[in-house]
Each structure stands twice: as C-alpha cells, then as structure tokens.
Amino acid sequence: TDVTCRRGFQFLWAMLSGYGVVQEHVAKADMIDLAVSSMQKHEKNANVQAQICGFLWTLSALNKKMKKMLFKKKALDVVVRALQLHVSVAKVQKNGLEVLRSLTTIGSEARRRVMEAGGAECASE
C-alpha cells in the first residue's frame, strides 16, 4: 500500500544517516531499483514521492559513485516526473530539487542530463 511504501522509505532514509556498515547495506543498487519502481507504482501519492525523493537525495549526497549509480538506474527520470506531477507539494519540490542539485555537482555532463530531462523547467515552476 501507499502507507507501507512511505513508511518503509522513511525507515531507509533514517538508516542512511547512520555510518559505516549501516550505510553500506542501505546504499545498494537494488535499493535504487526499489526506489525507482516504487515511485513509478505510487506516482500519484505525493507523500510517497516526497519520502523517496528524500531517500534519493541522501543517497546522492554520499559520494560521486552513488550519483553515477542514480543516473544509471534512471532515478533522474522518476524524480523529474514527481516534480512535474506534484508542483504544489512543497516536500516533493524541496526533496526532488535537492536530488537534481546534488546530481549536477559531478560535472557538465551531469548538468546536461538534468537539463535534458526537464530539470530546469521543474526548478522554474
């Protein structure tokens, strides 16, 4: 359900604030796959979108390798979609835009990809 999904990602997001072994277990490629598929499945639920964007934001802040993994796993596409669907929901906008901002920090190619995905339009709404 939407509630279970939201609460599950609240838990995972909280776990990312830990150190060492906890982060290593949560920050895995399959968790990104789960986040992307959950955002697709629950795209109309703003609370789910906000939680998962927050989770992805925290993942993106871990390191450059994680940012590259987010691009590879198509997280950019679902974040932009969430921003487009939930224009008036502050938590989705804040967390989603922070994901985009974080992704752009790894260079010009990343900035180009965010722009092409519609990131600039999302930021200007």
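Me: What percentage of the 125 residues in the protein is buried?
Reply: This is a predicted model, in which local features need pLDDT of at least 70, side-chain atom pairs count only at pLDDT 80 or more, and totals for chains, interfaces and linings use all residues. Residues are numbered from 1 along each chain as its sequence is written, and side-chain values use heavy atoms, without hydrogens and water. Buried means under 20% relative accessible area, with a 1.4 Å probe and protein chains only. On that basis, the buried share of the 125 residues is 43%.

Me: How many helices and strands does the secondary structure comprise?
Reply: Helices are DSSP runs of H or I with at least four residues, and strands are runs of E with at least two, numbered from the N terminus. The secondary structure comes to 9 helices and 0 strands.

Me: How are helix 4 and helix 6 oriented to each other?
Reply: Axes are lines fitted to C-alpha atoms over the stretch in contact, and angles run from 0 to 180 degrees between N-to-C directions. Helix 4 (residues 46-60) and helix 6 (residues 75-85) pack at about 140 degrees, their axes 11 Å apart. Angles under 35 degrees count as roughly parallel, over 145 as roughly antiparallel, 65 to 115 as roughly perpendicular and the rest as oblique. The two helices are therefore oblique.

Me: Which residues of helix 7 are buried?
Reply: Helix 7 spans residues 90-103. What covers its buried residues includes helix 1 (2-15), helix 4, helix 5 (64-72), helix 6, helix 8 (108-116) and helix 9 (119-124). The buried residues of helix 7 are V92, Q93, N95, G96, V99, L100, S102 and L103.

Terms used:
The expected span of a helix is 1.5 Å times one less than its number of residues. Buried means under 20% relative accessible area, exposed over 50%, partly exposed in between (1.4 Å probe, protein chains only). Contact means heavy atoms within 4.5 Å.
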